[in-house]
Amino acid sequence: MKATVKWVDGVMFVGESGSGHAVVMDGPPDHGGRNMGLRPMEMLLLGVGGCSAFDVVQILQKGKNDIVDCVAELTAERVDAVPAVFSKIHLHFIVKGRNLKDSLVERAVKLSAEKYCSASIMLGKAGVEITHDFEVIEV
């Protein structure tokens, strides 16, 4: 994997992934930014959510479940020190579908957390407390 991050001005940067996708990162005005993009730590949190939600959807789809929506709501806490690393991340999955069994969604969330989600497993190994829960909504 490769990526580049190019400084634009102030504290704004453009990141480009090896697959050719770009994203703007910027800080708040009190840190020299113009609030024109995501903060880098927000991107890290979104990466955890995207990685885990991808797993949950894939696992449920492979099991031939009739899933119509999956939202991962993330909340995170950071330490009050420099560096302000994450200390806790909680992922709450809202999975909508037809005839979805709680046990199957629970299994998908557990497999993501313990086996497949590289992002959350990596942060967990770095000492971040990562928790998960879910709800199933019948449509």
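What follows is a short chat about strands, a helix and pockets.

Guide: This is a predicted model, where local features need pLDDT of at least 70, side-chain atom pairs count only at pLDDT 80 or more, and totals for chains, interfaces and linings use all residues. Residues are numbered from 1 along each chain as its sequence is written, and side-chain values use heavy atoms, with hydrogens and water left out.

Visitor: Is Val-95 buried or exposed?
Guide: Val-95 counts as buried because its relative accessibility is 0%. Buried means under 20% relative accessible area, exposed over 50%, partly exposed in between (1.4 Å probe, protein chains only).

Visitor: Where does Val-95 lie?
Guide: In strand β5, residues 86-98. Strands (E, at least two residues) and helices (H or I, at least four) are DSSP runs, numbered from the N terminus.

Visitor: And what does Val-95 touch?
Guide: Leaving out residues up to four places away in sequence, the contacts of Val-95 include Val-56, Leu-60, Ile-67, Val-105 and Ile-137. Contact means heavy atoms within 4.5 Å.

Visitor: Val-105 is in that list. Which residues of α2 are buried?
Guide: Val-105, Ala-108, Val-109 and Ser-112. The cover over the buried residues of α2 includes α1 (40-62), β5, α3 (118-125) and β6 (129-138).

Visitor: How far does α2 reach?
Guide: Helix α2 (residues 102-116) reaches 20 Å from first C-alpha to last, close to the 21 Å expected for its 15 residues. The expected span is 1.5 Å times one less than the number of residues.

Visitor: Switching to β1: why does it lie largely in the open?
Guide: Because the number of buried residues is 0 among the 7 of strand β1 (residues 3-9).

Visitor: How does β1 run relative to β2, parallel or antiparallel?
Guide: Antiparallel, with 6 bridges joining β1 to β2 (residues 12-17). Two strands pair if DSSP finds at least two bridges between them. Trp-7 stands opposite Phe-13 in β2. The hairpin has 2 residues between the strands, and Gly-10 takes a positive phi near 50 degrees.

Visitor: Now pockets. Which helix gives the most to the lining of the second largest pocket?
Guide: α1, with 6 residues. Residues lining this pocket include Met-43, Leu-44, Met-122 and Leu-123.

Visitor: How many nonpolar residues are in that lining?
Guide: The lining of the second largest pocket has 8 nonpolar, 1 polar and no charged residues. Ala, Val, Leu, Ile, Met, Phe, Trp, Tyr, Cys and Pro count as nonpolar, Asp, Glu, Lys and Arg as charged, and the others, Gly among them, as polar. A pocket is an open set of points on a 1 Å grid over the protein atoms alone, where a 1.4 Å probe fits, with protein on both sides within 12 Å along at least five of seven lines; lining residues have an atom within 4 Å of a point.
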